[in-house]
Amino acid sequence: MLIRERMQATHFSSAEQQLVDDILQHSQVLQELTVQQIAQRNFVHPSTLIRVAKKLGFSGWVELKEAFAKEEQYLTGHFQEIDANLPFAPTDGITTIAQKLTRLEQSTLEDTLSLVHHDELNTAKQLLLAADQIKVFGSNANRLISQDFLLKMNRIGKMTSQATPGEAAYESLNMPPKSCAILISYTGENQELRQIAKLLQQEQIPFIAITSIGDNEIARRATCRLNMTTRERLYSKIGNFSINTSVTYLLNLLYCCVFSEHYQANLAHLIKTGSLIDKRPSTVAIMEEPPLSDIQIQDSFLPN
């Protein structure tokens with residue numbers, strides 16, 4: 001749940017509600033004001049700001065102010081020229097649809113990148129590197145999206161699997177100590193995944209949450225979180241275009257971070273296994289593989 005939504009759902013006293021209404025209506029102005037100035041502006045005692053912050057789950061006004069400003073900055077950035085739910089109109093021709101879909105993909109990638117934080121990403125990388133076994137938990141389309149991630153990770157020797165539908169909770173309890181999980185949930189409130197998050201936490205299995213911005217149960221229990229773009233409604237939309245693009249990007253990003261830790265060895269391994277197994281013919285010159293001796297890899301990593 002977003003801070004703005006929590007403000008609208010929380011019960012406040014009349015004085016507190018007056019303050020909250022002012023915050024919602026003039027969020028940009030209030031960021032420049034001191035506690036005293038905001039209190040005077042709303043004819044309340046400065047302690048009212050602290051009470052509001054604590055009712056919303058923050059330690060104090062400064063923490064609430066910073067978090068709310070960050071959220072508002074995200075919500076007003078990107079996606080100014082495209083609607084994630086209805087990216088094209090019924091009157092649009094196929095060329096216009098193609099152009100708008102491209103714009104949607106570009107906006108989604110920029111939006112997702114703006115949500116990536118170095119420390120969270122580095123924690124996720126270290127969890128995956130340290131794990132002997134990685135398991136991905138998701139539902140519906142997220143299971144399909146993660147298939148390519150599983151394939152790439154397994155091909156560089158990072159054994160990664162997907163939870164079996166109907167057996168996911170049991171599998172979460174049977175994960176070995178030196179393992180890591182990835183939970184993918186847009187709302188972060190999926191009932192099955194909430195149960196799995198609780199079980200993983202109980203068994204002290206670290207897990208990465210790929211979820212929307214704002215507060216949700218899966219994110220609260222996660223060892224670290226990566227935020228996906230949060231622009232789509234649940235079902236009144238043409239398709240899960242931005243969600244799917246965002247999840248794919250974040251999984252690709254995790255794979256690249258793991259790959260980069262042993263870049264030369266991983267590249268040499270992929271080239272060696274590919275040269276032994278992939279015998280596909282090609283009639284397009286750009287697809288043809290050069291001789292192994294021409295591939296730029298450090299000598300110590302060249303395949304035998």
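Analyst: **Helix H14 in its setting**

Of the 304 residues in the protein, 43% are buried (under 20% relative accessible area; exposed is over 50%, partly exposed is in between; 1.4 Å probe, protein chains only). The model is predicted: local features need pLDDT of at least 70, side-chain atom pairs need 80 or more, and totals for chains, interfaces and linings use all residues. Numbering starts from 1 along each chain as its sequence is written, and side-chain values use heavy atoms, without hydrogens or water.

The protein has 15 helices and five strands (DSSP runs, H or I of at least four residues for helices, E of at least two for strands, numbered from the N terminus). Its C-alpha atoms fill a box of roughly 80 × 55 × 40 Å along the principal axes. Among contacts with a separation of 6 or more, 68% join residues 24 or more positions apart (contact means heavy atoms within 4.5 Å).

Now to H14 itself. Two packed helices are described by the angle and the distance between their axes. H14 covers residues 241–261, and H7 covers residues 94–115. Their axes come within 9 Å and cross at roughly 50° (lines fitted to C-alpha atoms, for helices over the stretch in contact; angles run from 0 to 180 degrees between N-to-C directions). That angle makes H7 oblique to H14 (under 35 degrees is roughly parallel, over 145 roughly antiparallel, 65 to 115 roughly perpendicular, the rest oblique). The crossing is right-handed (the near helix is turned clockwise from the far one by less than a right angle; anticlockwise is left-handed).

H7 brings Leu-101, Leu-104, Glu-105, Thr-108, Leu-109, Thr-112 and Leu-113 to this contact. H14 answers with Phe-241, Ser-242, Thr-245, Ser-246, Tyr-249 and Leu-250. By class, the H7 and H14 contact has seven nonpolar, five polar and one charged residue (Ala, Val, Leu, Ile, Met, Phe, Trp, Tyr, Cys and Pro are nonpolar; Asp, Glu, Lys and Arg are charged; the others, Gly among them, are polar).

Beyond its neighbours within four places in sequence, Ser-246 contacts Thr-108, Thr-112, Met-228 and Thr-229. Thr-102 lies 144 residues from Ser-246 in sequence, and the two C-alpha atoms are 14 Å apart.

H8 is another partner. H8 spans residues 118–130 and packs on H14 at an angle of about 65°, with the axes 9 Å apart. H8 also passes H14 in a right-handed crossing. From H8 come Leu-121, Ala-124, Lys-125, Leu-128 and Leu-129. From H14 come Leu-253, Leu-254, Cys-257, Val-258, Ser-260 and Glu-261. This H8 and H14 contact holds eight nonpolar, one polar and two charged residues.

H14 also takes part in covering H10. H10 runs over residues 147–155, and its buried residues are Phe-149, Leu-150, Lys-152 and Met-153. Their cover includes strands S1 (133–137), S2 (160–162) and S3 (179–185), along with H14. Just after H10, Gly-157 takes a positive phi of about 85°.

Elsewhere, another helix pair gives a comparison. H2 (residues 14–25) and H5 (residues 47–55) have axes that come within 10 Å and cross at roughly 80°. H2 and H5 are therefore roughly perpendicular to each other. Ala-15, Glu-16, Leu-19 and Val-20 of H2 meet Thr-48, Leu-49, Arg-51, Val-52 and Lys-55 of H5. The H2 and H5 contact divides into five nonpolar, one polar and three charged residues.

Asp-22 is also in H2. At 8% relative accessible area, Asp-22 is buried. Past its neighbours within four places in sequence, Asp-22 contacts Ser-27, Leu-30, Arg-41 and Asn-42. Gln-133 is 111 residues from Asp-22 along the chain, with 50 Å between their C-alpha atoms.

Arg-221 lies in H13, residues 217–221. Its relative accessibility is 24%, so Arg-221 counts as partly exposed. Not counting residues up to four places away in sequence, Arg-221 touches Ala-197, Lys-198, Gln-201 and Phe-207.
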